Amino acid sequence: MAKDHTETELDRGLEDLPQDLRWREWMRRIEAVLFASASPVPHADLARVVGQGTSVDLLVEDLIADLEGRSFEVAQVAGGWMMRTRPAYAPAIRTAAGIGDQDLDLREFDVAVLAAIAYHQPITRDGLKDIFGKEISRDLIGRLHAQGLIGTGPRSPRRGAPYTYVTTDKFLVTFDLETLQDLPDREQLADAGLTET
């Protein structure tokens, strides 16, 4: 019978190690968890692999410093941390893997719709129509949903209870945002000439 691997098997406190080795082991645990995860890992999940009362934020800061000059980095996105290759190495990865650019192939209007959803979520297709002055196609909404950039939000409390749309963690990761509060404010957009004043 296979042994049940539960959280209780992990010695979180590492009391038998000197403090400097204990800290190093906790850093390596966080590194391993981030390396193994395909999506951002929240603070609470990282706290489960270190001693009680240990600062996950300080451990991550030390890990970031430890990885300085390496081909990958720890980034804080979508409310958690993740490992990712530094952008300077993207051409080498594409060449080695024999793949071309894997951009999302978003048109300017697609990005505008994404921005409207991000700023006004949860929002219905009718709400998007009010913003753009025209119907937003189900095809566009479907493509953004298929790419994982938007998801279905709560049903609108109006007649017919239409679906609403919200951005996803993949949206945050794609646009390198920790949270939606990292979106530029409207004044910054106007100053950059990206919106009408």
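Two strands are said to pair if DSSP finds at least two bridges between them. In this predicted model, three strands form an open antiparallel sheet in the order E1-E3-E2. The largest nonpolar core has 19 residues, and a second, separate core has 17.

**Sheet**
- Strand E1 and strand E3 (residues 80-85) meet that criterion, pairing in the antiparallel sense over two bridges.
- Within this sheet, Val 41 stands opposite Trp 81 in E3.
- The order of the strands is E1-E3-E2; E1 (41-42) and E2 (72-77) stand at the edges with a single partner strand each, so one side of each has no neighbour in the sheet.

**Packing of helices H5 and H7**
- The axes of H5 (residues 108-120) and H7 (residues 138-146) come within 11 Å and cross at roughly 75°; the two helices are therefore roughly perpendicular to each other.
- On the H5 side, Phe 109, Asp 110, Val 113 and Leu 114 take part, meeting Leu 140, Arg 143 and Leu 144 of H7.
- Five of the residues in this contact are nonpolar, two are charged and none is polar.

**Nonpolar cores**
- In the largest core, the residues with the most contacts inside it are Val 113, Ile 117, Leu 128, Leu 144, Ile 150 and Phe 171.
- H5, H7 and helix H8 (169-174) each supply at least two residues of this core, and H5 gives the most, with five.
- Beyond its neighbours within four places in sequence, Ile 117 is in contact with Ile 123, Leu 128, Ile 150, Tyr 165, Val 166 and Thr 167.
- The second, separate core includes Ile 30, Val 50, Trp 81 and Met 83.

Terms used
Residues numbered from 1 in each chain as written. Predicted model: local features only at pLDDT ≥ 70, side-chain atom pairs only at ≥ 80, totals over all residues. Heavy atoms only, no water. Axes fitted to C-alpha atoms, helices over the stretch in contact; angles between N-to-C directions. Helix = DSSP H or I, 4+ residues; strand = E, 2+ residues; numbered from the N terminus. Parallel < 35°, antiparallel > 145°, perpendicular 65-115°, else oblique. Contact = heavy atoms within 4.5 Å. Nonpolar A, V, L, I, M, F, W, Y, C, P; charged D, E, K, R; others polar. Core = buried A, V, L, I, M, F, W, Y, C linked by side-chain atoms within 4.5 Å. Buried < 20%, exposed > 50% of the residue type's maximum accessible area, 1.4 Å probe, protein only.
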